[in-house]
Amino acid sequence: MNKLYSLFFISFFIIPTVSGQGLSQISGRALDASDNKPVPEASVFVKGTTKGTVANADGRFVISVGPENKILEITSAGYERQEVAIGGSSEIIILLKPVNTVFDEVVVIGYGAQKQKLVTGSISTLSARQLEDQPVGQFAQKIQGRIPGVQINQATGQPGGGMEVRIRGAASINAGNSPLYVVDGFPIVGDINSINPNEIESFSVLKGSSATSLYGSRAANGVVLISTKSAKQGQTAVHVSASNGFADVPQKGRAELMNAREFLQFEKEIYEDKIRYEGYNNGIPELYQNPEAWTGPDTDWYEVILRRGAVSNYNVTISSGKDKFSSATTLGYYKEKGTVLNTDFERFSLRSNNEYRVTPSIRVGVNIAPSYQTSQNFNTDGNGAVIYQVLSTPPIFSPFETEADGSLKLSFEGPGLFTQPNWYRFFTESKNRIKSTRLLSNAYAELDILKDFRFKSSVSLDLLGSNTNEWNPSTTGTTLSLPPKRATASYATQFYYSWLTENTLNYSKSFAGKHQVDALIGYSAQQFRRENNQLTGIDFPDDVVSWIDAAATKSGSSNSSEWSLLSWVGRLNYNYDGKYLLSAAIRRDGSSRFGPDNRWGSFPSVSAGWVISEENFARNWNAVDFLKLRGEFGYTGNFNIGDYNQYGNVSSTNYVFGDRLVQGRSPNSIGNSRLTWETTSGFDIGVDVSFFRNRLSLAFDYYHKTTKDMLYQIDIPYGAGFPNIQSNIGKFNFWGYEFSGSSKNFTGNFRWTTDFNISFNRNKAIQLGTNNTPIGGIGEQGESSYWKTEVGKPLGLFYGYVFEGVYMDEKTFDNSAKHITSAVGTVKMQDVNGDGVINSQDKTYIGDPNPDFVFGVNNTFAYKGFDLNVVIAGAYGGDIFAFRGWNNILEGILNVQKDMKDRWRSLENPGAGYHARTLSGTAAFGRYTSSKWVHDGSYLSVKNITLGYTLPKLSSVVRSARIFASVQQPFILSGYRYGNPEASYKGLNGLQLGYDATAYPVPRTFAFGIDVYF
């Protein structure tokens, strides 16, 4: 054993010394072949070894070589790789050729990388470097408006959340619409927002069926590949970035509610109309008799719960790629103080990506990314959620009114009004704190076998533990649960893990100089398991101790779920002379989520491309630098249907045996052994082209896809014991156009570049459940009534009555169709079927939340050390159903909008013809789902403006330093009166889109920061 230790010591310390003998130094300089200017930071390697260095700011380098070393390899971003023979010279001048176009850049694709010019699928890529200045905590906020075919909405301003992503209008009935996120090859199951955007190096969005098919049963909604930062060989760098800012809620879009005197006048008039029209004889309450003399509170309750927010973002990245070891480590801290009281988000993150080259042909790596985040928020979004209740609170109360003992009031009441809690106490004394710790990690080994084969084996892990601590003291409550009440608390924990193991073999070979073949085969296995536990406590003796241990009554629940996936993948790429491209791929998945009769599915694809600009006949096209046609066809799936739906489920049921109550089990659904995933088939035809020495680059795509076997509850005879069963039935069609471009408008000292994109997405329901029964459109009010999806029509259309105003006079009333509650001055709806009666038979389609098109424009200007970037995103068309319009309650129980002053009161004072009278028994019909609540959602939003200045070189240690100022969401151009035109309580759910249910406001954020590279 001692001899072994000695041998190891000698080999580790002595051999490197011996190998250094006979070395000589070669100096050189890397220059741009087009203008002979230096190429800084070019990487220089001795071919066949891990020995390398990096050129300085003047393009100069020095490297040690041995007598056996013959060739240097030189690479730099934006230039072609070059090999140079060492020969007998001690100084070498290397002229690097700039890449022809962006199409020569290498991009990440599924299970590998490929030159953009050789890609045959529909893929959009984006470097994260140009997104660093935006003061946001989620990467989706940074890429909004930048990628064609990708609709990203900020549906709510909740700290740490609110972003919704949909690719090419993806939609499903029950299986979700979000894309699959793959981080460094690992398909993520949990929340993607926990990833620090500053850890990311690039994005690749896979949209077409050929591009996505290698992810099989999870790729129907598209795939977002995220590559995190890695060290560049031969380079050592430190990047420090820091920014701080503040955030406010803009005035535009706030509810225009009545102030105290206006509200008191409104209440006075309600009682006057009751006396005049309804025989009311109890007089006007004293509170409302003299509004003009009011000197009490005049409270803007929305302003009460708002505050100035703050944003802090600090990141340090250290990367080094020398000899055999390379490492890139990013440490990040992000904190957001919300613009609503007592809301916040905080994240600590670390990512370390490491690779060790054992030999030139063997590489091993370990990547680890722990994070910790905590957030505090409330149920701010949705029907009747707290922000809507706050807006409805009359302005005649003050949150700082006190009781006799000096404490703040718990609630407020007035004649005929809903009693309201003190919302200031609710937001400052309640708690809903979520804490989570997450670990993303993977390890891999990569081996070059022989000359043309590469084998890679990896193991990845996603591990999360979180807890939610909710506390509602007796002093807080809501409109429907007023204080004082019993204090309640809950404590919920969640734990999940997801592991993935993959083994792939790649083959790459060139034949006869013009034939290139790349092949991939692989096998993977993934498993996910989640455990949830919850404790609830009530009957606390006081509000001092909030832990459940202090509660007199406790209850709890616990559950778990899991799934697993086994997969085979294969791909073959062929190109002839860089002109004729062909790719075929297949994935075969086996999922535990589906029935034993349909557990396995295959997802093949094929794509082809023709680089026309490489043809001899195109050589004389002076204006055209690059032209490629491409097409693809393939299949993908969607397995996000939940766990155990293939089985008949049971639930707890109490039985009486003798004189005792006994707990047992009973079935509550029927299983379906043939249940399987939703399948999407689609094709894409595209063209990529660049002109005028690459000053203008354009891309166009047309796609069409069909999703079938959608999970649906189909009706069955009641004799089976249950009304329905889960089955695969239903079909949707999706199609559309995408156009994107990049132009270099000015070059030289003043530079101006523009990136733009526009997408037209369409859809139609082809088949639904039993007898093609429509989805939704049920009832008169509530979420089930807002949307309707019907065969032959676009998905999720708004459905209800057509609002025609008010019956302004007797003549109009007598000559019009009427509802059972109609009277002169009440709401007038259209008699759609012409039968002279207004009822549910007159409901029809009243709006389409699907935009006609979405677009984005990104302009970058630079002059000497200054730079300016402006990012714009928007949509044309796409209606919004504004639940916020319900601040028009006619009964006088809540605050209302200012324009309610112009409601109908009499024949002599008929108002503007938009708001009805306050006649008892008629108000409910006015709140039925109707076109009155539907608004045009077209908008143009400036997402970010950043102005920066790169400082003159400070020292030899500091490579570059830049200061910047940035504003997020500076302004929105839109006719939508209620603020955020991207609001959608149900997210980008294709069947329930465009519903503004009074969401957390999206703030305008100003930030100032610095970037320093060492």
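**The whole chain**

Modeller: The accessible surface of the protein chain is about 44,000 Å², and 56% of it belongs to carbon and sulfur atoms. Accessible areas come from the Shrake-Rupley method with a 1.4 Å probe; for residues, only the protein chains shown count as cover. This is a predicted model: local features need pLDDT of at least 70, side-chain atom pairs count only at pLDDT 80 or more, and totals for chains, interfaces and linings use all residues. Residues are numbered from 1 along each chain as its sequence is written, and side-chain values use heavy atoms, with hydrogens and water left out.

Biologist: What radius of gyration does the protein chain have?

Modeller: The value is taken over C-alpha atoms, and the globule rule is 2.2 Å times the number of residues to the power 0.38. For 1014 residues, a compact globule would come near 31 Å. The protein chain agrees with that, at 33 Å.

Biologist: What share of the residues is buried?

Modeller: Buried means under 20% relative accessible area, exposed over 50%, partly exposed in between (1.4 Å probe, protein chains only). Of the 1014 residues in the protein chain, the buried share is 52%.

Biologist: How many helices and strands are there?

Modeller: Both are DSSP runs, numbered from the N terminus: helices are H or I with at least four residues, strands are E with at least two. The protein chain has ten helices and 53 strands.

**Helix α4**

Biologist: How far apart are the end C-alpha atoms of α4?

Modeller: Helix α4 covers residues 260-277, which is 18 residues. The expected span is 1.5 Å times one less than the number of residues. That rule gives 26 Å, and the model agrees, because the end C-alpha atoms are apart by 26 Å.

Biologist: Which residue has a side-chain oxygen that reaches a backbone nitrogen at the start of α4?

Modeller: The backbone nitrogen belongs to R261. The side-chain oxygen comes to within 3.3 Å of it, and its residue is N259.

Biologist: Parallel or antiparallel: how does β13 run with β16?

Modeller: Strand β13 holds residues 180-183, and strand β16 holds residues 223-228. Y181 has V224 in β16 as its bridge partner. Four bridges join the two strands, and the sense is parallel.

Biologist: How many residues of β12 are buried?

Modeller: β12 (residues 163-167) pairs with strand β11 (residues 150-154) in the antiparallel sense over five bridges.

Biologist: Which residue in β45 stands opposite G800?

Modeller: An antiparallel open sheet has the order β40-β41-β42-β45. Three bridges join β42 (residues 797-800) to β45. The residue opposite G800 is T844.

Notes. A polar contact is a pair of N or O atoms within 3.5 Å; within protein, one must be able to donate a hydrogen and the other to accept it, and residues adjacent in sequence count only if both atoms are side-chain atoms. Two strands pair if DSSP finds at least two bridges between them.
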